[in-house]
Amino acid sequence: MEAEAASVNLINALKEVLSENQVTENQTVRELHGRDESYHAVSLPDIVVFPETTQQVSEVVKLANMHKIPMVPFGLGSSLEGHVIPYHHGITIDFSLMNKILEVRENDFLVKVQPGVTRSQLNKELKKYGLFFSVDPGADATLGGMAATNASGTTSVKYGVMRDQVRDLEVVLADGSIIHTGNLAAKSSSGYHLNGLFVGSEGTLGCFTELTLRVYGIPEHVMAARASFPALNHAAEAVVSILQSGVPIARVELVDEPSMKQVNLYSDTSYNEAPTLFLEFHGNDAGLKQDVEFTKEIVAEHNCLDIEFETDNAARNRLWEARHNLAYAYIQGYPGKKLMVTDVCLPISELSGAIHHAREAVDFLGLTGGIVGHVGDGNYHVLLMIDNNNQEEIKRAEQLNEQIVLYALERKGTCTGEHGVGSVNKNIRKKNMGTHCL
Ligand SMILES: Cc1cc2nc3c(=O)[nH]c(=O)nc-3n(C[C@H](O)[C@H](O)[C@H](O)COP(=O)(O)OP(=O)(O)OC[C@H]3O[C@@H](n4cnc5c(N)ncnc54)[C@H](O)[C@@H]3O)c2cc1C
């Protein structure tokens, strides 16, 4: 396959449909496209291409199809389950040059973007219109990659996940044909829900070349808070009570004690090092006051140790930056080790038990790591730092992941709330084929 993919014919044909500098076999570039942000084994593509237009993507796909060469679409490579690692080599299609914001339809609360636009690039532009895009994974990922993994983040508890934001996709299918999966209307009863099918397809159904996405008005008032608890289960149970009470919480994130230590070390903060909920409320002044008072009462009933509100912009930004940087805090805190992240999501009533089970399993297996989560959605992660040269430690970490996944599946949850199937969960599925639906 390697020799075939690298064939002079294919390279020449690619250079005809793209330009000379949009096609490369350069070793360093191939290495950058042979790994993701996690611990998975590296495998290099034979060729990397950088298209600039939908038509160029279509021509590349047609050529790959004709030569029977595998292809991997590539956004930023921030995925965590081995998605972008080309284990069958072939062509990697890097979308970084397709990074234009094509249209802001402020009155329709819609934007049209190319797939290589990153979420922070989009939000910078939207701010000029008093708008924002809600989905915020920890990495500054591309919108194409985020749609392909059905990404979510800290605000999904209020605004929904990537699938809820996509109105239309322009997609290049495997034969090079170009289709649209939706339209600009807020709702439609016309036929199948193709947006739903293509979002989360992880590059298996086609390449997204344009995305039309929902955006929102920046809320009038925003308030953030940190509430710490004596134990993880108190924090998790407080989340269930907050949601049951109907408080329209915009963000609620759980960070366990070891992770709070990492937060303080990395972000130079001095937050209480106890299991903590990071919270955010959006609304008008009067509504916000009520929500905050009600939340204070609820967390007090769950033995909250203390709750601190961040009212000014700078303190609030510091809080969320610290949360978003947590994975990087672990990476920096354990030089030489690699990150492995679990990603199950359960019905909210099962969350407290699941987190307790995970913490016990981490300790029993003697692994290093912490628990964090978008707990308002029932989604949590164990962040593990593992030594890639220690096969025995990798085995224990994989054993932990499998235990956590099976625990979630037995309670009708899913192996992945937001990161996607990739190669890791596919392997668990193979092993447990017929027992569970992932
Ligand atoms: C520190 C850190 C924190 C993270 N936190 C979160 C989080 O909170 N929530 C979350 O959901 N994820 C999180 N992630 C994972 C990651 O950021 C997401 O999976 C993200 O959606 C991947 O985007 P990307 O641009 O990096 O895509 P890539 O990693 O490049 O690709 C991901 C998948 O999308 C496909 N793809 C890419 N572009 C296209 C395209 N144009 N058309 C079709 N398919 C395409 C790829 O083939 C691959 O299957 C985190 C990762 C890191 C490193």
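Reader: What should I know about the model and its numbering before I start?
Author: Residues are numbered from 1 along each chain as its sequence is written, and side-chain values use heavy atoms, with hydrogens and water left out. The model is predicted: local features need pLDDT of at least 70, side-chain atom pairs count only at pLDDT 80 or more, and totals for chains, interfaces and linings use all residues.

Reader: Which residues come nearest to the ligand?
Author: Pro73, Ser78, Ser79, Thr142 and Ser152, out of 35 residues around the ligand. A residue counts as near if one of its heavy atoms lies within 4 Å.

Reader: And what lies 2.6 Å from an oxygen atom of the ligand?
Author: An N or O atom in the side chain of Ser78. A polar backbone atom of Gly75 is 2.7 Å from a ligand oxygen, and a backbone N or O atom of Phe208 is 2.8 Å from a ligand nitrogen.

Reader: How much of the ligand does the protein bury?
Author: 97% of the 970 Å² that the ligand exposes when taken alone. Accessible areas come from the Shrake-Rupley method with a 1.4 Å probe.

Reader: Changing topic, which domains does the chain have?
Author: The assignment gives domain 1 (2-94), domain 2 (101-217), domain 3 (221-327) and domain 4 (336-431). Those bounds come from an automatic or database domain assignment.

Reader: How many residues do domain 1 and domain 2 put into their contact?
Author: Domain 1 gives 14 residues and domain 2 gives 17, with contact meaning heavy atoms within 4.5 Å.

Key
A polar contact is a pair of N or O atoms within 3.5 Å; within protein, one must be able to donate a hydrogen and the other to accept it, and residues adjacent in sequence count only if both atoms are side-chain atoms.
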